[in-house]
Amino acid sequence: MLNQLATKYPVDFVSVKQLTTSVDPNTIIAGVLVTLTCGPPPTNLGSDLTVEWTRSGTLLATDKPSQDAISKYTIPKFLKIHDGTYVCQMKRKDGAIFTQSLSLTSKAAPQITVNPVKGTVQCGASVSVQCSVNTGYQVEFKGLTLPTPGLEIKYDYKAPDGCTQQEETITCQVTTNPQDYKIITLDLIKDVFCEPDDVFSAGSEGFEAVASCEKGKVGNKTAVCKADGKYGDIKDNCVLEVIQNLLNESEALDAVTLPVFLKDLKDATITNSKTITDSPATISAMVKIFANIGRRANSLQITLSKDSTQNILESAGILTTDAAKNSWNELNNDNRSESSENKNASSSFLSAFEGIATHVVNEPLNIDTQYIIFTKINFTNNFQDDFNSSVEIDIPEAEGSRQSVAVMLFASMDNVLPARQNVNTSFSVINGRVVLIRPESDINNISIVFNVLNDTLGKPKCVFWDFHLLDGLGGWSDEGCSFVQNGNGTVRCSCNHTTSFSILMSPDSPQDPVLDFITYIGIGISMGSLVVCLIIEGIAWRKIKKHSTSYLRHVSIVNIAVSLLIADIWFIIGAAISNTNSAPACTAATFFIHFFYLALFFWMLASALLLLYRTLSVFDGGLSKLTMLIIGFSLGYGAPLIIATITIASTAPSNEYIRQNVVCWLNWDQSKALLAFVIPALLIVVINLIILIVVLYKILSRRGGANAAQTEEKNILYVIARSLAVLTPLFGLTWGLGVGVLISPKNRGMHITFALFNSVQGFFILVFGTLLDKTVRSAMTISQGYSSQSRTRSTSRGTLSSGVSNFLNKLKKPRRSTRGYHTSSNASNT
């Protein structure tokens, strides 16, 4: 009777047999393939059936039974997101149903941790190796009877005495799953070069040590034993375990598992935000998660609901915070390997959201999270809106009568994306919000107004992120985008396409024609004065070198002039290089500018020390001329070379040597490298002023009665003191204004004053270092007289001497004494 009822009426057949599985349902280890088999149903149910597979009430698939009246459902990689009760229902058209079910729960896969992963042991010595596994498993060392298997085991390996350099391996495996194992590699060495520390074992020079991560993380840490006996090139590849598990799950997402997965991702990210933002490797893993979400949504055509989208934005927002900036900088500047995977992380992160935005449910939405705002709007023909008072978008004409546009506004994406452009570096910074615009169809005309983040910046450039730039590394490009207007704290851009946009601007680069005119004309005058100074010194050198103190003073003056002249030349080269965005060239220019400006100050210090020494010592005694020359050159060029080299060596590897703008000069904002110039320069100014006070007191306190040689020496000291009294405050005030420019970069008066003082340095060296020295004037006058008597010599030199002599005569003060060197009236008449 029941069989007859079942063939004609909608009867529910509930099988007492559960679904069958391809593996033991009680020991499903995460990651294995699981196939569920349903049926066959009772024969009186018929053959014209449809099959529905559900998990915890959610429809998974529909199908038709096979010829043998069974249906199969396969999960390629069974993970935690697949846990639940699976129900198979075979339905007849009249409603009769055959039902089978089975509850499945996965067990976490073995997570084996060994330490060291790769280490060393000295011949005749012992090393302790460790192995552990997560709860639910036990591990053992393969082939060893001791120690006994357990959750965590240790073994002391002893290397044989007098061993040869070789490699030993120890295998740690799961007792119930021998296919799950990890190998410990030990290099047997004769001598230890790098001592062991809390992370890495001892090592020989060049040895790459590998250590396990701390508890709660997976992966490893590596380091190389360096020539200084310490480990360097340390790489931390440890990923937070919960994030690694989510990464594994993201590779098997579908429409059913995605919403639950995104909720878990948000909870894990918020709970572990500090650990995540401090770990570049974990951030890189999360980037892969978002890329997988976009990839699965695209391949399976999954529509993201409002809740799912919000969970994505809240998870991703954590990665854009200020706390993550250092980790992103490490990823973007990762030069440790040939692979560009880390350098490409920021570009992949943005690319994932361009894909995700496309699959958000097509209805008006407004999702406002702390760091990312998502808006989807339907419009007809044209569109205009203001987003969070940060970005205004205007689409004047769009093809089609009605379409939608998705806008994603990132509050702090500048922490993620580097400001690199057509080369893998940039002197600009991101100075506006990054906005992602995804219309339903192509748009060829869009206007965007950005509120600038820092109003001290200039030279705005409208850009979009080009994922193909730099061989797929990604960077900012202005192709198809043009700058329209800058004013009132906003920048207007116009583009002929849609993607992710922002603006790049350059810090501390005021556009002032007057300032440029003063700077370049002034430097030209300064350089011309220095060239004349060196020519005069060359002409008068034979007369100068006869007296020891005068000779040493003029050696200082010549080197001061040479240093400033070369520094000015490199300044001009640096200004030209700045427009090319070439970081190596700008670094070289900055190094030489730094070195020669420092040399200028240290030669000033050498001149002051000479003055002090000659004032306090017995005349014609003490150090020899050669000894003082060696001291002078060591101080004048040795000290600047040491300071400049240490500065570039300590800041260039982290890209913090030069300023990230259009000026080739020492960095200030990140590394404070500029202090390596400011502190020595201003310290020398203070020391010179103290020396001047001491020397003037000593000179003025001496009484008359000195012999002719001492009188001449005293006159030379007066000349040195006079030049120092003028040049020291001039240089000190100039670079004091330079510090003021840094403190107040928008102060136009400060910029112009600094440019003026910087421009007259060469002229003041010419006048107070050379022209006002009567030894030079007498030598020039004698040289002029000699040239008038030797007409057969070069006329150019005589002409130069005549011109210079006339200028010198004008500088002389009229006096009645004839002790000066205005000896020949013939010279003035030549």
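1. Helix α7 and its neighbours. The buried residues of α7 pack against α4 (273-277), α5 (280-299), α6 (306-319) and α8 (345-358). Contact means heavy atoms within 4.5 Å. Helices (H or I, at least four residues) and strands (E, at least two) are DSSP runs, numbered from the N terminus. Helix α7 itself spans residues 325-332, and Ser327, Trp328, Leu331 and Asn332 are buried there. They sit on the same side of α7, because their arc around the axis is only 130°. That arc is taken from the directions from the helix axis to the C-beta atoms. Buried means under 20% relative accessible area, exposed over 50%, partly exposed in between (1.4 Å probe, protein chains only).

2. Basis of the model. This is a predicted model, in which local features need pLDDT of at least 70 and side-chain atom pairs count only at pLDDT 80 or more, while totals for chains, interfaces and linings use all residues. Residues are numbered from 1 along each chain as its sequence is written, and side-chain values use heavy atoms, with hydrogens and water left out.

3. Whole chain. The chain has 20 helices and 35 strands. Of its 830 residues, 49% are buried. Among contacts between residues at least 6 apart in sequence, 68% join residues at least 24 apart. The accessible surface is about 39500 Å², with 54% belonging to carbon and sulfur atoms. Areas come from the Shrake-Rupley method with a 1.4 Å probe; for residues, only the protein chains shown count as cover.

4. Helices α16 and α17. Helix α17 (residues 761-771) is largely enclosed by the rest of the structure, because 8 of its 11 residues are buried. Among them are Ile765, Leu766 and Val767. Asn758 belongs to helix α16 (residues 748-759). Asn758 is buried too, at 10% relative accessible area. Its C-alpha atom is 9.5 Å from that of Leu733, 25 residues apart along the chain.

5. Surface patch. Phe517, Ile521, Ile525 and Phe763 form a nonpolar surface patch, with about 400 Å² of accessible area together. Helix α10 (residues 513-544) gives the largest share, 3 residues. Phe517 is in α10 and is exposed, at 56% relative accessible area. Patch residues have over 30% relative accessible area and no salt bridge; like charges are joined within 9 Å, nonpolar side chains (Val, Leu, Ile, Met, Phe, Trp, Tyr) within 5 Å. A salt bridge is a side-chain nitrogen of Lys or Arg within 4 Å of a carboxyl oxygen of Asp or Glu.

6. Strand pairing. An open antiparallel sheet has 3 strands in the order β2-β4-β7. Strands β2 (20-21) and β7 (71-75) are at the edges with a single partner each, so one side of each lacks a neighbour in the sheet. Two strands pair if DSSP finds at least two bridges between them. β2 and β4 (residues 34-38) are joined by 2 bridges. Elsewhere, β25 (residues 383-387) and β26 (residues 391-395) pair antiparallel over 5 bridges. They form a hairpin with 3 residues between them, and Asn388 in the turn has a positive phi of about 55°.

7. Backbone points to check. Most residues other than glycine have a negative phi, and most peptide bonds are trans. The Gly39 to Pro40 bond is cis, with omega near 0°. So is the bond from Asn115 to Pro116. Ala69 has a positive phi of about 65° and is partly exposed, at 26% relative accessible area. Asp471 has a positive phi of about 55°. Asp471 lies in helix α9 (residues 469-472) and is exposed, at 84% relative accessibility.
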